[in-house]
Amino acid sequence: MQINIADSWKNILQPELEKEYFTNLLDFVKAAYQNSVCYPKEKDIFSAFNFCSFEAIKVVIIGQDPYHGVGQANGLCFSVADQVKHPPSLINIFKELATDLQKPIPKSGNLEHWATQGVLLLNATLTVRAHEAGSHQKKGWEQFTDAVISQISEQCDEVVFLLWGGFAKKKGAKINTNKHCVLTSGHPSPLSANRGYWFGNQHFSKANTYLENVGKQQVDW
C-alpha cells in the first residue's frame with residue numbers, strides 16, 4: 001500500500017513511517033480495503049496532511065474515527081464531501097460557529113477550506129470498516145497520530161488545539177501548554193451538546209483572537 005502523504009509531513013514523520021508497527025498497520029489496512037468496504041477512499045486516507053502542510057499549521061482539531069456511512073468520510077475529521085447530508089456532530093459544529101461568529105450556517109459540510117488555511121483536521125484513527133464504528137481502532141493508527149501530535153507540540157509554536165470531548169482531551173494530554181493554546185469543551189455530538197457541554201464554547205472566535213494576538217492570520221471559518 002502506497003503512503004500518499006505530502007513531503008512536508010514525510011520529512012517530519014519518516015522515522016515513524018519506518019517503524020515495524022506502521023508497516024504492520026499498512027499491511028492490515030491494505031488487507032482490509034481488499035476484503036471489505038472501508039472509508040475513506042484509499043486515496044483520501046492521508047488527506048488531512050495533504051490539505052494542510054506541516055509549515056502551515058495554525059489550528060489542530062482532533063476527531064476519533066472517520067464517518068462509517070456511505071460517501072461520508074473524506075479524510076478530514078468532522079468533514080463530509082459536498083452534497084452529503086451534514087452528520088449530527090457537524091450540524092452542531094456549524095450551529096456553534098454561526099452563533100459564535102454571527103455567520104450563516106454553511107451549505108456544504110466539506111471542511112477543505114479550513115484545512116487549506118492551516119487547520120489540521122486529524123482523526124485518531126484514519127480508516128474504518130463500513131457501518132462499524134471503531135473497527136480499525138487499536139491497529140496502530142493511534143500510535144501514529146500520537147506521534148503526529150507530539151511532533152507538532154515539539155516543533156511548532158503557538159498552535160491552537162481544539163479538544164472536543166473526553167477522547168480528544170486524552171489524546172492531547174501531552175501537548176506543551178506553555179507554548180500552545182489548548183481549548184477544551186464537550187463533544188459536538190447530540191448526546192454531549194444537548195447536555196450543555198458544547199454550545200457556547202466560542203472556540204472559533206477564541207482561536208482567532210489567539211492567532212491575532214501572536215501575529216498569525218485568523219482562520220476564515
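Strands here are DSSP runs of at least two residues in state E, numbered from the N terminus. With that in hand, select valine 160, which sits in strand S5. Keep in mind along the way that this is a predicted model.

**Stop one: valine 160**

Is valine 160 buried or exposed? Its relative accessibility is 0%, and the cut-off for buried is under 20%, so valine 160 counts as buried. Now show its surroundings: leaving aside residues up to four places away in sequence, valine 160 touches Lys58, Val59, Val60, Cys181, Leu183, Ala207, Tyr210 and Leu211. Pick out valine 60 from that group. Valine 60 is 100 residues away from valine 160 along the chain, yet their C-alpha atoms are separated by 6.2 Å.

**Stop two: the sheet**

Next, colour the strands. Four of them make an open sheet in the order S3-S2-S5-S6, with parallel pairing. Strand S3 (119–123) and strand S6 (181–185) are at the edges with a single partner strand each, so one side of each has no neighbour in the sheet. On average, neighbouring strands are turned by 20° against each other, ignoring direction.

Zoom in on S5 (residues 160–164) and S6: they run parallel and are joined by five bridges.

Then bring helix H6 into view. H6 packs on this sheet, where it touches strand S2 (59–63), S3 and S5, and its direction makes about 155° with that of S3.

**Stop three: two helices crossing**

In general, a packed helix pair is described by the angle between the two axes and the distance between them. How do H2 (residues 20–35) and H6 (residues 141–155) score on those terms? Their axes come within 9 Å and cross at roughly 125°, so the two helices are oblique to each other. The crossing of H2 past H6 is left-handed. To see the contact itself, show side chains for Tyr21, Phe22, Leu25 and Val29 on H2, and for Trp141, Gln143 and Phe144 on H6. Sorted by type, the residues of this contact are six nonpolar, one polar and no charged.

**Stop four: the loops**

As a rule, residues other than glycine mostly have a negative phi, and peptide bonds are mostly trans.

- Proline 40 is in the loop between strand S1 (38–39) and helix H3 (47–51).
- Aspartate 44 belongs to the loop between S1 and H3. Its relative accessible area is 15%, so aspartate 44 is buried. Beyond residues up to four places away in sequence, aspartate 44 touches Asn74 and Gly75.
- Lysine 138 is in the loop between strand S4 (128–129) and H6. It is not a glycine, but has a positive phi of about 60°. With a relative accessible area of 77%, lysine 138 is exposed.
- Glutamine 202 lies in the loop between helix H8 (190–193) and helix H9 (203–213). Its phi is near 55°, a positive value in a residue other than glycine. Glutamine 202 counts as partly exposed, at 40% relative accessibility.

Methods. Residues numbered from 1 in each chain as written. Predicted model: local features only at pLDDT ≥ 70, side-chain atom pairs only at ≥ 80, totals over all residues. Heavy atoms only, no water. Axes fitted to C-alpha atoms, helices over the stretch in contact; angles between N-to-C directions. Helix = DSSP H or I, 4+ residues; strand = E, 2+ residues; numbered from the N terminus. Parallel < 35°, antiparallel > 145°, perpendicular 65-115°, else oblique. Left-handed = near helix turned anticlockwise from the far one by under 90°. Contact = heavy atoms within 4.5 Å. Nonpolar A, V, L, I, M, F, W, Y, C, P; charged D, E, K, R; others polar. Buried < 20%, exposed > 50% of the residue type's maximum accessible area, 1.4 Å probe, protein only. Pairing = 2+ DSSP bridges.
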